[in-house]
Structures are given as structure tokens and as C-alpha cells.
Amino acid sequence: MNKIAVITDSASDLSIDTIKKYNIKVIPLQIHFSDRTYKDGIEIKPAELYEMLKSEIPKSSLPSHDDIVAVFDQLKEEGYTDVIYIGISTGLSGTYNFIKMLGQEYEGLNFYSFDTKTLSCAEGMLVSMAAKMIKASYDIKRILDELSKIREKMLALFVVKDLTYLIKGGRINKVTGVIGNILKLCPIIHVNSNGIYEIFSKTLGFSKSLNVMIKEVEKRFQGLNVAVTVVHGLEEEMAKTVLEKIKKFCIVIDEAISPVTAVLGVHTGPGLIGIIVREV
């Protein structure tokens, strides 16, 4: 009988509890400063990263070849026969294609992959759902088909207080970002159907942007059963407030508050709030 494993990358913002419960293997992306490199989630935590940002804005990069192969080796030793990699959008990182390439070349495991076309806890939700389906004895084709359907029912919106980090990382146009900072614009960003960042709306002020995001969630999911995760960058109390507001118009079946991982914090800086909602 085949034994199926789920692997993901550290951009999925999975909780430690979920990782342990389903034995999910997480491949760390890397954060490069001028004189040192860290493995995301292993050698550096979000709070440490934000402190370091005061003196230098680092670069994020793909996982190392050795870290990827080490995960495959571990799964093989644990008796797994099949692997499903569920990863960060190919439109945002080369991570997915790199892991996919190495997985297809690796001998001794049947390798499958799914491009989430998103990131953070939206990616994490899909990873968790795949793990639950494996536990329910779904076959791989059905899992991949179901993930595509689930992705269509998700909404992920993000807003940041300072556009400097998105500009530096090349995630938004430099001129647009500089003008936005001057005018105190807090654009709401989402990942479109092609897995690429897109401006959802432009609003003056962080508080107004939060209200616009909450209103959009209400418009799409009012009265429905949903799973909600609010991600944040040093804004835990604000994240809790946002979640409570969503509960007033949605039937929240599953909820979480999650700090965004350090490698994503490189591009957003402190002051991020993101809302990820999935119809259940």
C-alpha cells in the first residue's frame, strides 16, 4: 500500500501543531544579509527579523539544494512511497519550480506537486486540507482535484503600513510605492488567479484599508461557514480585533491568528495584516 507524505515550504506559515499532527515536512527558504544567511523558521524568527530590518533590508532566496534533498531522504527512510509538494505561487518565487525539479529527479519516491498560486496562511490552508484528505484515504488524483476546487473558494487580502519593503523586494513598482508612501496610501494587495500580486484597492490610511478588507469579506462570505486566519507582522492585537469583526457576519468554523514567517516579513516589514478566508 502506498504511503503518502505532504511537504511544503516555509512560506506556508503553518503552525507547529499542524506540522506535528500530520508529519508535514517544511523546507525552509533562506534570508541573506550582507554577512550572514539564515534558514527561515529554523535559524530566525519574525521578531528577530523585524529588529534586524532597522539596520539592513536583506534578500530572500530559494531553499538550498541540500535542505530539499534531505527532506526527500528523510521521507524515504520513514517508508513513504509518494510525495505531494504544495508550494508558494510560481508567480512570486522560484521555490516551487526548484523543489519540483529536484523531486522529479529524485529516485525512490513518486513525486507530485500543486502550485497554490498564493502564499502565507492561504498556502497553509491548502497544505492542511491535503493532509486531512490523506488521513481520510483520498487518492492523489482526488487530492489534487479537490485542492483546485478549494483554492477557487478562497480569498486572501493583505495590507501593510509601509511600502518600503515591497519596493525593495521588487514586489511593487518603485515609483508607485514611493508615491504611495508620500501620500500615506495603504493599498490592499491580493494574489490574483495567476498567482501574482495585484492591487485590490488603494485607500488612504491603514485603518480605512482594514475596514475595506473586512467589508470585502462580508460581501463575499456573509452568513456562510468559513475558516479564517488573520496573519500579522507585530500586530497581534489588531489581528484579534479583525477576527472578532469577521465573526459578527460569518459563521467561523475554524480560526487562527498567525505571525507571518520571517522570509515573508522581509517583503512586508512590520505592520502587516492579512485576512485569509475559505468557505467550508
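Which residues are linked with Glu-237 in a network of salt bridges? Glu-236 and Lys-240 are. The model is predicted. A search of the whole structure finds 13 salt bridges.

Glu-78 and Lys-25 form one, with their closest N and O atoms 3.0 Å apart. Glu-78 sits in the loop between α3 and β6, and Lys-25 in strand β2, so the pair ties together parts that are 53 residues apart in sequence. Lys-25 is buried because its relative accessible area is 9%, under the 20% cut-off. Glu-78 is partly exposed, at 30%.

Lys-39 bridges to Asp-67 at 3.1 Å between the closest N and O atoms. Here strand β4 is linked to helix α3, across 28 residues. Lys-39 is partly exposed at 27% relative accessible area, whereas Asp-67 is buried at 13%.

Helix α10 holds a local pair. Lys-247 and Glu-244 form a salt bridge with closest N and O atoms 3.3 Å apart. The two residues are three apart, about one turn of the helix.

Now the sheet. Six strands form an open sheet in the order β10-β9-β8-β13-β11-β12, with mixed pairing. Its edge strands are β10 and β12, each pairing on one side only. Neighbouring strands are turned by 25° on average, direction ignored. Helix α5 packs on this sheet, touching β8, β11, β12 and β13. The direction of α5 makes about 135° with that of β11. Strands β11 and β13 pair in the antiparallel sense over seven bridges. Thr-229 has Ile-276 in β13 as its bridge partner.

Strand β12 also contains Ile-251. This residue is partly exposed, at 41% relative accessibility. Ile-251, Ile-253 and Val-280 form a nonpolar surface patch, with about 270 Å² of accessible area together.

Conventions. Residues are numbered from 1 along each chain as its sequence is written. This is a predicted model: local features need pLDDT of at least 70, side-chain atom pairs count only at pLDDT 80 or more; totals for chains, interfaces and linings use all residues. Side-chain values use heavy atoms; hydrogens and water are left out. Patches are made of residues with over 30% relative accessible area and no salt bridge: like charges are joined within 9 Å, nonpolar side chains (Val, Leu, Ile, Met, Phe, Trp, Tyr) within 5 Å. Accessible areas come from the Shrake-Rupley method with a 1.4 Å probe; for residues, only the protein chains shown count as cover. A salt bridge is a side-chain nitrogen of Lys or Arg within 4 Å of a carboxyl oxygen of Asp or Glu. Helices (H or I, at least four residues) and strands (E, at least two) are DSSP runs, numbered from the N terminus. Buried means under 20% relative accessible area, exposed over 50%, partly exposed in between (1.4 Å probe, protein chains only). Two strands pair if DSSP finds at least two bridges between them. Axes are lines fitted to C-alpha atoms, for helices over the stretch in contact, and angles run from 0 to 180 degrees between N-to-C directions. Contact means heavy atoms within 4.5 Å.
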